[in-house]
Amino acid sequence: MPLRDSACSACVSRTFLRSWRCHPKLIFSEETLGLKQKEGQNIDIARGFTSRIDHILKNRSDTGVKILKFVIRDHYNVDTCHLNSWLQKAITPGIEEVTLLLPTKYRKMYEVPCSALLDGRGNSIWYLYLTNCAFRPPVGFDCLRSLTKLHLYGVCITGDELGHLISNCFALEELEVSCCMKLICLDIPFWLERLSCLTVSQCDKLRVIKSTAPHLSIFDFFGEPVQLVLGESSKVKDLRVGYSFAPNAVSYAITKLPFIAPHLETLTVYSFCERVSTPMVADKFLHIKHLNIYLGEDDGGAVTPAYDYLSLASFLDACPVLESFILSVDQSDMRHDSVFEDPSSHLRQIPEHRRHERLKKVQIDGFCSAKSVVELTCHILKNATSLESLTLDCIFGAEAVGQSVRCSAPESGKCMPTSRRMILEAHKALSAVKRYILEKVPSSVKLNVGGPCTRCHVMDVMLPQVSNM
């Protein structure tokens with residue numbers, strides 16, 4: 001029942017009033033308070049938001065809240081004194097979840113009072129999610145002993161202050177830090193034995209991440225390159241890494257990560273500008289079973305033409321127990337040399353290359369007619385002796401691979417918007433599959449091909465007539 005209806009019912013029923021005053025779940029938002037925004041009514045809504053929360057909390061008992069959530073929008077202009085008052089009133093012993101979603105302007109305006117968590121009021125909280133505010137726990141902060149999940153987005157907090165916050169959170173299992181611009185060094189101590197999942201994203205001033213947490217197994221990092229120190233005893237098995245603006249994330253991964261995270265089993269690399277081809281390396285990922293590589297477009301709208309897709313064979317070679325490989329190519333233009341451009345040119349092969357004996361599943365999402373993509377596919381078919389399935393999707397992000405009609409937007413009944421240039425490229429890619437790949441697929445391999453939608457992506461395509469190679 002929405003808070004507004006609950007409050008109205010409390011006015012006419014004593015029994016409901018007693019129940020309402022101890023209601024365990026308080027979610028304060030425009031929707032739950034029955035405030036519908038209309039043009040020109042922002043001031044009225046702001047006043048109504050503040051007054052209704054004041055009234056609700058004033059008439060509540062001092063116990064019973066389990067879940068507390070504030071969703072505050074920019075036009076509310078809630079005074080920080082009200083925020084402090086609400087937190088002081090609603091955070092009581094026994095509370096379990098606290099979520100404070102503030103607009104961006106509060107980053108410099110509001111500091112969450114640590115006093116709201118004192119006297120045992122914070123020790124029952126297991127989930128804390130703060131956005132766009134300051135939070136400055138002092139040395140010796142010991143108010144969140146039951147905390148298992150901590151999410152900080154746009155929070156002004158230094159590395160030392162974050163250390164004060166988590167040092168006594170012995171139950172912490174999941175830590176997510178995003179857009180925290182005062183973080184320079186993130187240090188995870190070894191006594192956080194339950195910490196298993198760490199996400200760090202878009203903290204632009206961050207330079208070093210250190211972790212000696214013994215059971216950290218899942219680590220996601222997105223942002224500017226940092227010094228990553230996981231320690232010799234690192235047990236990270238699932239790593240996702242992507243750089244915001246720095247190039248060559250794939251090259252970084254193959255040259256650096258075997259030393260940083262030697263026990264990886266699943267690796268996902270996001271690169272939005274791969275300017276150099278993937279190098280051959282002597283060091284191996286001895287435990288990686290699942291490799292996912294995402295190549296996005298650079299400023300020109302395409303994957304850098306200088307990048308040689310066939311060089312990804314060196315990454316496969318560096319993963320001797322690899323079982324699945326997914327390559328995603330997301331671009332709005334294809335500027336690599338097409339396999340159809342020079343009919344006299346033969347497809348390259350890598351001589352005396354290690355066989356990928358355990359590779360069973362390969363998927364290329366955004367398969368195109370680039371010659372080096374075709375060469376990589378042929379290389380896999382030749383050297384993956386245990387291959388069971390090969391999926392080639394000529395439309396990036398499309399659904400229903402293998403069906404002639406692929407409309408994936410049920411509301412419109414049409415496919416997601418795709419440029420005419422890339423629809424044409426998808427037709428060329430489908431022709432490349434038929435001409436260069438189909439005959440190389442062993443009978444033991446299930447081939448799934450996702451071509452252009454026969455309803456949304458129909459166009460005439462003229463390709464040169466060349467003999468098979």
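Author: Let's start with handedness: a crossing is left-handed if the near helix is turned anticlockwise from the far one by less than a right angle, and right-handed if clockwise. Keep in mind that we're looking at a predicted model.

Reader: Okay, which hand does the crossing of α8 and α9 have?

Author: That crossing is right-handed. The axes of α8 (residues 371-383) and α9 (residues 420-437) come within 11 Å and cross at roughly 45 degrees.

Reader: And what do we call the orientation of α8 and α9 to each other?

Author: Angles under 35 degrees count as roughly parallel and 65 to 115 as roughly perpendicular. The two helices cross at roughly 45 degrees, so α8 and α9 are oblique to each other.

Reader: Which residues in α8 and α9 meet?

Author: From α8, look for V374, T377, C378 and L381; they meet A432, Y436 and I437 in α9.

Reader: Now the strands. How many bridges join β14 to β15, and how many join β15 to β16?

Author: For β14 (residues 290-296) and β15 there are 7 bridges, and the two run parallel. On to β16 (residues 361-365): 5 bridges join β15 to β16, again with parallel strands.

Reader: Why is β15 described as largely enclosed by the rest of the structure?

Author: Start with the general idea: in a regular strand the side chains alternate between the two faces of the sheet. As for β15 (residues 324-330), 5 of its 7 residues are buried, so the rest of the structure largely encloses this strand.

Reader: Is H356 buried or exposed?

Author: Buried means under 20% relative accessible area. H356 has 7%, so it is buried. Its side chain makes a polar contact of 3.1 Å with that of H379. Leaving aside neighbours within four places in sequence, H356 is also in contact with residues including A313, L316, D317 and N383.

Reader: One more: what is the strand order in the open sheet of 3 strands?

Author: The order is β7-β9-β11, with parallel pairing. The edge strands are β7 (185-188) and β11 (227-229), each pairing on one side only. From one strand to the next, the twist averages 5 degrees. Between β9 (residues 208-211) and β11 there are 3 bridges, and V208 stands opposite Q227 in β11.

Key: Residues numbered from 1 in each chain as written. Predicted model: local features only at pLDDT ≥ 70, side-chain atom pairs only at ≥ 80, totals over all residues. Heavy atoms only, no water. Buried < 20%, exposed > 50% of the residue type's maximum accessible area, 1.4 Å probe, protein only. Helix = DSSP H or I, 4+ residues; strand = E, 2+ residues; numbered from the N terminus. Pairing = 2+ DSSP bridges. Axes fitted to C-alpha atoms, helices over the stretch in contact; angles between N-to-C directions. Polar contact = N/O pair within 3.5 Å; in protein donor to acceptor, adjacent residues only side chain to side chain. Contact = heavy atoms within 4.5 Å. Parallel < 35°, antiparallel > 145°, perpendicular 65-115°, else oblique.
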